[in-house]
Amino acid sequence: MPEEQVFPPLAVADAEGIVDDLERGLEAHYAWSRRFSAMLVCRTRPRQTDLAVDGHARDEFGRWYRDERHDHLKDHPDFPPLGPLHQQLHAEARQLAQMVAKGEKIAPAKYRGYQQTVNRFRKRLTAILDEARELLRFSDPLTGIATRFAMLPQLDQERERVARTGEPSSIGLLDLDRFKEVNDTHGHNAGDTVLHEVAQYLLKNVRRYDQVCRYGGEEFVILLPGTDPRKAKQVLDRLRRGLKRKKIDVGDGEIISVTASFGIASLDPSDPLMASIDHADQAMYEAKQAGRNRVRIWSGDE
């Protein structure tokens, strides 16, 4: 099986929602941290929540973490450990608050330990936030999926994994059939709608660990980790059939359908990355020549 990726394929709206959620959680933590630090420095009376065993669940970040509903964020491998780490942070903070309440002196080593936990917590939280912001930076504004420039580093990483493990991976390249006719008949706004709807269809119907990007124009690339070309053909044939059935509202009551031609090639670690993409492109061209709305495997992989 392919190595687990961090965020699964995300639309722009999903990434924006995750960024907003994480920024809200981080700001809640910083607000608590500023207040707690002021209490330690000024030796003012701690709040009851600072002294409570369940204080981690009663502060603003704890409530945000408990109530978070975004599935993509909850499924991120770094998100679940935030809960226990936040609880540990508050347990160490509670010890310091108890010392302040008793008028005791805080040993430098104990304070340093608390600060180390604070830094670990912030590092983990900001890493997820930075990753979500990076997704937005490399997202295509029209279709809401990754751009070619976002995909190429992922393809290169997968190529290295194939070289290291010997497991197969495939690249799929699809091109919408007769897309120019859509623009000529229904207008460029309709063409933009079709591109967006096709991108969202692909995003929602690929497997969880697959990746999709808009490669250029009406072309899309799909990375299929842990999948040889013959298995990839089954996956892409399912996408092809579903796309043909999909009804797209292009405005003014006009409902149209589109098809696509697919090409598949192995992600070969012995070749340059662009060679594998070119092989998938050649296979896609063969699908076009054979009548469109087909899936073809590059002849070198058959």
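**View 1. Strand β7, helix α12 and strand β8 form a left-handed β-α-β unit.** Handedness is assigned by looking with the strands pointing away from the viewer, a crossover being right-handed if the path from the first strand over the helix to the second runs clockwise. The model is a predicted one, in which local features need pLDDT of at least 70 and side-chain atom pairs count only at pLDDT 80 or more, while totals for chains, interfaces and linings use all residues. Residues are numbered from 1 along each chain as its sequence is written, and side-chain values use heavy atoms, with hydrogens and water left out. Helices (H or I, at least four residues) and strands (E, at least two) are DSSP runs numbered from the N terminus.

**View 2. Strand β7 and its two strand partners, β2 and β8.** Strands are taken as paired if DSSP finds at least two bridges between them. Strand β2 (residues 169-176) runs antiparallel to β7 and is joined to it by 7 bridges, with leucine 176 having alanine 260 of β7 as its bridge partner. Strand β8 (residues 295-297) pairs with β7 in the parallel sense over 3 bridges, and here phenylalanine 262 stands opposite valine 295 of β8. Because 7 of the 7 residues of β7 (residues 260-266) are buried, this strand is largely enclosed by the rest of the structure; buried means under 20% relative accessible area, exposed over 50%, and partly exposed in between, with a 1.4 Å probe and protein chains only. In a regular strand the side chains alternate between the two faces of the sheet. In β7, Ala260, Phe262, Ile264 and Ser266 point one way, whereas Ser261, Gly263 and Ala265 point the other way.

**View 3. Lysine 288 in helix α12 (residues 273-289).** Lysine 288 has a relative accessibility of 17% and therefore counts as buried. Its side chain reaches the backbone oxygen of leucine 176 at 3.2 Å. Not counting residues up to four places away in sequence, lysine 288 touches Asp175, Leu176, Asp177 and Ser261, where contact means heavy atoms within 4.5 Å.

**View 4. Proline 229 in helix α11 (residues 229-245).** Proline 229 is buried, with a relative accessible area of 11%, and, leaving aside residues up to four places away in sequence, it touches Ser170, Ile264, Ser266, Ile297 and Asp301. The C-alpha atoms of proline 229 and leucine 267 are separated by 9.3 Å, although these residues are 38 residues apart along the chain.

**View 5. Aromatic pairs, including phenylalanine 36 with tyrosine 114.** Rings of Phe, Tyr and Trp (its six-membered ring) pair if their centres lie within 6.5 Å, and planes under 30 degrees apart count as stacked, over 60 as edge-to-face and the rest as tilted. By this rule the count comes to 8 aromatic pairs. Phenylalanine 36 and tyrosine 114 form a tilted pair, at 5.7 Å centre to centre and with 50° between the planes. This pair links distant parts of the chain, with phenylalanine 36 in helix α1 (residues 12-42) and tyrosine 114 in helix α7 (residues 108-137), 78 residues apart. Phenylalanine 36 counts as buried at 0% relative accessibility, and tyrosine 114 counts as buried at 1%.

**View 6. Tryptophan 64 and phenylalanine 79 form an edge-to-face pair.** The ring centres of tryptophan 64 and phenylalanine 79 are 6.1 Å apart and their planes lie at 80°, so the pair is edge-to-face. Tryptophan 64 lies in helix α4 (residues 60-67) and phenylalanine 79 in the loop between α5 (71-74) and α6 (82-101), so the pair ties together parts that are 15 residues apart in sequence. Both tryptophan 64 and phenylalanine 79 are buried, and one aromatic cluster is formed by Phe61, Trp64, Tyr65, Phe79 and Phe121.

Notes
Polar contact = N/O pair within 3.5 Å; in protein donor to acceptor, adjacent residues only side chain to side chain.
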